[in-house]
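Subject: Structure for your files

Hello,

Here is the structure I said I would pass on. My notes on it follow below.

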Amino acid sequence: MNMSTKDYVLNKLLGANGKAISGQDIADELEVSRTAIWKCVKELEEEGYSIESIRKKGYVLHDSPDVLHEAHITPYLKTEQYGRNLIILDEVESTQKIAHDEAQQEVPNGTLVIADSQTGGRGRLARTWYSAHGKGIWMSLIARPHLSIEQAPQLTLVTAVAIIQTLKEVTGLEAQIKWPNDILLNGKKITGILTELQADPDRIQAVIIGIGMNVNQQITDFEDEITSIATSLRIESGNKWERTEIIGELMNQLEKYVHMYEAHGFSPIKMLWESYSVTIGKQLTARMVNETLRGEAVGISENGLLQLKLRDGSIRSIYSADIEF
Ligand code: BTN
């Protein structure tokens with residue numbers, strides 16, 4: 001079966017918005033037989049699409065499975081570049097690794113690598129990131145922003161703001177940010193961000209923005225040791241969510257906020273970030289490689305560093321740490 005015929009039929013069905021499309025018309029457009037179109041419809045049904053066949057009218061799409069397919073993501077995009085070049089894969093070791101390789105092949109700004117599952121998902125500080133098959137969003141965006149190398153680390157915070165806005169837009173849920181890169185819902189981690197840089201001595205080549213979002217897992221899908229700290233959109237809301245809609249909106253919000261950062265600097269992002277933060281105003285312990293500090297988080301600096309006020313009143317800028325309240 002010619003895959004592109006099937007993709008064409010799927011695009012037509014999705015674009016018809018619940019109206020009937022004529023099998024004969026598609027057959028004529030593609031110069032194939034009606035039987036070839038019928039075979040595509042049967043294959044789509046086997047993949048979980050609910051398609052009604054109405055005599056003399058054609059085919060109507062009633063429901064789609066939650067599959068990562070370009071035809072399901074593109075309709076949600078309002079972007080110029082982000083998400084316009086999609087690399088969609090089934091099982092990979094890590095989308096981050098693939099994005100690094102692709103970035104060196106000079107793929108365009110906004111290329112997005114997404115996988116249904118990862119066997120070696122990576123988190124910050126070389127931690128494992130659990131990436132169950134089909135339950136979450138495991139993706140890495142290749143961004144080529146017009147920023148200096150010194151401005152790159154703040155992209156983690158820009159991404160956090162874009163994720164909060166995406167969740168609000170798609171699900172209505174109000175998530176919060178724990179410095180530097182955890183997105184929390186009701187105090188448990190729902191999303192992690194891993195930002196990595198490819199740069200020449202004086203210029204960014206690419207920033208690989210890895211996002212792992214727990215979407216449709218149930219409690220039993222999580223390993224015992226993380227149920228107290230991790231959660232999913234389904235657990236918190238009681239609903240299943242379409243991953244493709246969230247991916248599309250993530251692209252819209254990320255492009256918007258990266259453009260804002262490029263055009264107006266970090267100040268507008270900083271204000272939004274601080275308003276969504278659970279960290280600011282809290283007494284906390286910051287564990288770093290060489291020392292552990294306790295103090296009150298009073299804000300973030302213009303370059304995204306956490307400002308910790310110690311007991312003696314002095315302020316320390318924290319670049320990277322594990323935070324405990
Ligand atoms: C963290 O919170 O420590 C960051 C987690 C980042 C996980 C994502 S999933 C997609 C991408 N591929 C990876 O291997 N990691 C990131």
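In this predicted model, five strands make up an open sheet in the order β13-β12-β11-β10-β14, and their pairing is antiparallel. The edges are β13 (315-318) and β14 (322-324), each of which pairs on one side only. On average, neighbouring strands of this sheet are turned by 45° against each other, direction ignored. Within the sheet, β10 (residues 283-287) runs antiparallel to β11 and is joined to it by five bridges. Arginine 287 has threonine 292 of β11 opposite it.

Next, the strands around β9. β8 and β9 form a hairpin with two residues between them. Ten bridges join these antiparallel strands, and aspartate 200 has arginine 203 in β9 as its bridge partner. β9 also pairs with β5, again in the antiparallel sense, over eight bridges. In that pairing, isoleucine 142 stands opposite isoleucine 208 of β9. Of the twelve residues of β9, nine are buried, so the strand is mostly covered.

Which elements supply at least two residues each to the shell around the ligand? They are α5 (95-104), β5 (136-143), β8 (188-200) and β9 (203-214). There are 22 residues around the ligand, and those that come nearest are Ser94, Gly123, Gly192, Gly210 and Gly212. By class, the shell has twelve polar, six nonpolar and four charged residues.

Lysine 12 sits in helix α1 (residues 3-15). Is lysine 12 buried or exposed? With 20 other C-beta atoms within 10 Å, lysine 12 counts as buried, because 20 or more is the cut-off for that class. Leaving aside neighbours within four places in sequence, lysine 12 is in contact with Ile21 and Ile26. Tyrosine 59 is 47 residues from lysine 12 along the chain, and the C-alpha atoms of the two are separated by 10.0 Å.

Finally, some backbone details to check on your side:

- Asparagine 17 is not a glycine, yet has a positive phi of about 50°. Asparagine 17 lies in the loop between α1 and α2 (23-30) and is exposed, with 8 other C-beta atoms within 10 Å.
- Lysine 56, also not a glycine, has a positive phi of about 70°. The loop between β1 (50-54) and β2 (58-63) holds lysine 56, which counts as exposed with 6 C-beta neighbours inside 10 Å.
- Tryptophan 179 and proline 180 are joined by a cis peptide bond, with omega about 0°. Proline 180 is in the loop between β6 and β7 (182-185).

Regards

Technical notes:
Residues numbered from 1 in each chain as written. Predicted model: local features only at pLDDT ≥ 70, side-chain atom pairs only at ≥ 80, totals over all residues. Near = placed C-beta within 6 Å. Helix = DSSP H or I, 4+ residues; strand = E, 2+ residues; numbered from the N terminus. Nonpolar A, V, L, I, M, F, W, Y, C, P; charged D, E, K, R; others polar. Pairing = 2+ DSSP bridges. Axes fitted to C-alpha atoms, helices over the stretch in contact; angles between N-to-C directions. Contact = placed C-beta atoms within 7 Å.
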